[in-house]
Amino acid sequence: MNMKVEMCGLTLKNPVMTASGTFGSGEEYAEFVDLDRLGAVVTKGVANVPWEGNPTPRVAEVYGGMLNAIGLQNPGIDLFIERDIPFLKKSDTKIIVNVCGHTVEDYVEVVKRLADQPVDMLEINISCPNVKEGGIAFGQNPHTVQQITAEIKKHAAQPVIMKLSPNVTDITEMARAAEAGGADALSLINTLTGMKIDIHKRSFVLANRTGGMSGPAIHPVAVRMVYQCAQAVNIPLIGMGGIFTAEDAIEMILAGATAVAVGTASFTNPRATMEIISGIRDYMEAYQVKDIRELIGAVHDEKHG
Amino acid sequence: MQTTQRKFQETAIIIRQEEIADNIYSMWLRTEQIAAHAAAGQFVSVYCNDGSRLLPRPVSICEIDRKDGAVRLVYRVAGKGTEEFCTMRTGNHLNVVGPLGNGFPKKERRAFLIGGGIGIPPMLQLAKELHCEKQIVLGFRDDTFLVDEFKRYGKVYIATEDGSAGTDGNVLDAIRENGLCADIIYACGPLPMLRALKEYAAAKHIECWISLEERMACGIGACLACVCRSKNRDVHTNVKNKRICKEGPVFRAGEVEF
C-alpha cells in the first residue's frame with residue numbers, strides 16, 4: 001500500500017501535515033507525537049523581526065470550533081534559524097516554513113534568509129485575519145495576490161505555497177491569481193473571520209474583537225473551496241480546515257487535495273495527527289486502495305459511479 | 001524556570017465527585033502517571049466528552065495522592081465544559097493531559113500561602129508539602145470552602161467580602177487585622193488580589209510567587225494563546241511575554257506584568 005504523495009518535486013511519506021500556527025515548530029508536540037511519522041511539519045509563521053502579537057484573550061471556544069486572534073506572535077527569523085530549524089532537522093520529516101510579514105519587503109527578507117537553509121518548502125501567509133497590515137490584506141485582491149506571489153518567487157530558493165483566505169467572494173479567482181504569479185502549490189483554507197460576544201459582560205470575548213474561526217464547523221466550507229480550486233488550477237493543493245478525523249482528511253483528498261493539514265484537532269487531542277494517519281491507512285485497507293494517489297480529486301457524481 | 005517534567009495523556013477514571021460549595025466541585029481522578037509526576041501548583045488539561053467543545057479546560061491540581069495514583073481537582077462551574085464535568089459520576093471517564101506548567105518552588109521559609117476564590121485549591125497541595133511555618137490566608141466572596149482541610153497544615157485566616165466569616169474585606173485586610181508577617185508569599189487568585197500582593201511584597205522586600213491564568217488552547221506551549229507580559233525579553237518567545245501554560249502558571253511576581 002502506498003501512502004506517499006508527490007508535490008513540487010518532493011515526496012512526502014504520507015499526505016498528513018500540521019497546520020501553521022497550531023503546532024509551533026514541533027518541539028512541544030514531540031512529547032505526544034512521533035514527528036518522523038508526519039508527512040511534513042508546517043511551522044508557525046515567522047517574520048523578519050520578532051512580533052509580540054495581540055493582547056489577550058486571544059482564543060475563544062465556539063460551537064464546534066474556536067476563534068483565535070494570536071496576531072502572528074513569533075520570535076523572528078534569526079532565532080528561528082538558530083533554534084527551530086536545527087530542532088526540526090533532527091526528525092525525518094519535510095520542513096515547510098510559514099512566512100508572514102507586514103509588507104512585501106518583510107516577506108522577501110524572510111524568504112531570502114531561508115534560501116540557504118535546509119527547508120523543503122515555503123508557505124506564504126497572505127490570509128491571516130488578525131493583523132492590521134499584511135496578512136489578509138494581500139490575500140483579498142487577485143491583482144495583489146499575483147504581484148506578491150511573483151515577487152516572492154523571484155527570491156525563493158524553495159517551492160512556494162501560497163496560503164489562501166476563505167474570506168473572499170470567489171476563492172478560485174485568488175487561486176488562479178497565485179498560479180499566474182508562479183505559485184508552486186496552494187494551501188487552503190485559512191480561518192474564517194468570526195466574532196464572539198460575552199452577553200453577561202456585553203463585551204467582545206477576544207481582545208482583538210474578531211478572530212479566525214477554525215475547527216470541525218468550517219470543514220464543509222473548506223471541502224467546497226478545495227473542490228472549486230481543484231477545478232480552477234493545475235498546481236497541487238494542500239487542504240485544511242476542520243480536519244479532525246481520517247474521514248475528514250479523505251474527504252479533502254477526494255475533493256482534490258494532494259496533502260492535508262491538521263490544525264485545531266491537535267488542541268483537542270495532541271495525538272490527532274497520528275490517529276489520522278492510522279485512520280487513512282485503515283480506510284485504504286477497507287476499500288483496497290493500493291495507492292493513495294488514486295483518491296486525489298476522485299470525487300464524482302454517484303450516477304456516474 | 002524550564003519545564004523538564006514529562007507530560008502524559010491519560011483516560012482518567014472518576015473516583016468520586018461532590019459539590020463542596022455553591023457551584024464549586026471537588027473531583028478525585030485516577031491518573032496513575034500524572035499523579036506520579038505532578039507537583040504543587042501545576043495544572044492539567046481536562047477534555048470534554050461532548051465533541052462540540054474542542055478546547056481542554058485548564059484546571060489546577062488541588063491535591064496529589066501519589067500512593068493511590070490520583071489527583072484532586074476543585075473547580076468552579078463557569079460554562080458549558082465545567083457543566084459537563086460536574087454531572088459526571090464515579091466510574092465515568094475523562095481525558096486528561098498533564099501535569100502541565102511549573103509548580104511553586106518550595107522554599108522552607110516562614111511563608112504566606114494566599115488563595116482567593118477559585119485560586120484557593122492549588123494552595124492545598126502546597127500547604128501539605130511545605131514543612132515550614134505557614135500562615136494560610138484565604139479570601140472568599142461569601143461561602144467558604146476547603147477551610148477545615150487547610151487547618152490541618154497551618155494557621156488559617158479568612159477574609160470574606162460580605163463579612164460573613166473572618167475579616168470583613170480581602171486577604172490583605174486579614175493580614176493587617178491579624179498583624180501577620182512572613183518572608184515569602186505564594187499566591188493564586190484574581191488579578192486585583194495578585195496585583196495588591198505584588199505591591200505588598202515589593203514594599204516589604206519579600207519574595208513573591210504568583211500563579212496566573214488565561215484562556216488557553218493547546219495547554220502545552222505551542223499556540224501562544226495564553227501569554228502574559230513580562231519584564232524582560234523571554235528566552236523562548238524572544239519578545240516581552242511568557243507562555244502561562246509553559247513558563248508559568250507560577251511566576252516570580254516581579255518577572256511578569258499583569
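Helices here are DSSP runs of H or I with at least four residues, strands are runs of E with at least two, and both are numbered from the N terminus. By that count, chain B of this predicted model has six helices and 16 strands.

**View 1. Chain B as a whole, with its six helices and 16 strands.** If you trace the C-alpha atoms of chain B, you cover about 50 × 45 × 35 Å along the principal axes. Now take the contacts in chain B between residues at least 6 apart in sequence: 59% of them join residues at least 24 apart.

**View 2. Where domain 1 of chain B meets domain 2 of chain B.** Domain 1 covers residues 8-100 of chain B, and domain 2 covers 111-257. Their C-alpha centres lie 21 Å apart. Domain 1 of chain B puts 21 residues into the contact, and domain 2 of chain B puts in 18. On the domain 1 side, the elements giving two or more residues are the strands β1 (8-21), β3 (43-47), β4 (57-65), β5 (70-76) and β6 (93-100) of chain B. Which of these gives the most? That's β4(B), with six residues. Sort this side of domain 1 by class and you get 15 nonpolar, three polar and three charged residues.

**View 3. Asn102(B), in the loop between β6 and β7 (111-116) of chain B.** Buried or exposed: which is Asn102(B)? A residue counts as buried when 20 or more other C-beta atoms lie within 10 Å of its own. Asn102(B) has 22 of them within 10 Å, so it is buried.

**View 4. Chain A as a whole, with nine helices and 16 strands.** The C-alpha trace of chain A spans about 50 × 50 × 40 Å along its principal axes. Run the globule check here too: for 305 residues, a compact globule would have a radius of gyration near 19 Å, and the 18 Å of chain A agrees with that. Buried residues account for 58% of the 305 in chain A. Among chain A contacts between residues at least 6 apart in sequence, 72% link residues at least 24 apart.

**View 5. The place where chain A touches chain B.** Here 33 residues of chain A are in contact with 25 residues of chain B. On the chain A side, β5 (59-62), β6 (65-68) and α8 (265-268) are the elements that give two or more residues. By class, this side of chain A divides into 14 nonpolar, 13 polar and six charged residues.

**View 6. Helix α9 of chain A, residues 272-286.** The buried residues in α9(A) are Ala272(A), Thr273(A), Ile276(A), Ile277(A), Ile280(A) and Met284(A). Look down the helix axis and these buried residues fall within an arc of 140°, so they line one face of α9(A). What do the buried residues of α9(A) pack against? They meet β3 (16-18), α7 (246-255), β16 (259-262) and α8 of chain A. On the other side of α9(A), Asp282(A), Glu285(A) and Ala286(A) are exposed.

View 7. Most residues other than glycine have a negative phi, and most peptide bonds are trans. Gln288(A), in the segment after α9 of chain A, has a positive phi near 50°. With 7 other C-beta atoms within 10 Å, Gln288(A) is exposed. Leu224(B) has a positive phi too, near 65°, and is found in the loop between β12 (207-211) and β13 (227-230) of chain B. Leu224(B) is buried, though, with 27 other C-beta atoms within 10 Å. As for cis peptide bonds, one runs from Thr56(A) to Pro57(A), with omega near 0°, and Pro57(A) is in the loop between β4 (40-42) and β5 of chain A. Another joins Gly248(B) and Pro249(B), with omega about 0°.

Technical notes:
Residues numbered from 1 in each chain as written. Chains lettered and ligands numbered in written order. Predicted model: local features only at pLDDT ≥ 70, side-chain atom pairs only at ≥ 80, totals over all residues. Domains from an automatic or database assignment. Contact = placed C-beta atoms within 7 Å. Nonpolar A, V, L, I, M, F, W, Y, C, P; charged D, E, K, R; others polar. Expected span 1.5 Å × (residues − 1). Buried ≥ 20, exposed ≤ 12 C-beta atoms within 10 Å, placed from the backbone. Arc of directions from axis to C-beta. Rg over C-alpha atoms; globule rule 2.2 N^0.38 Å.
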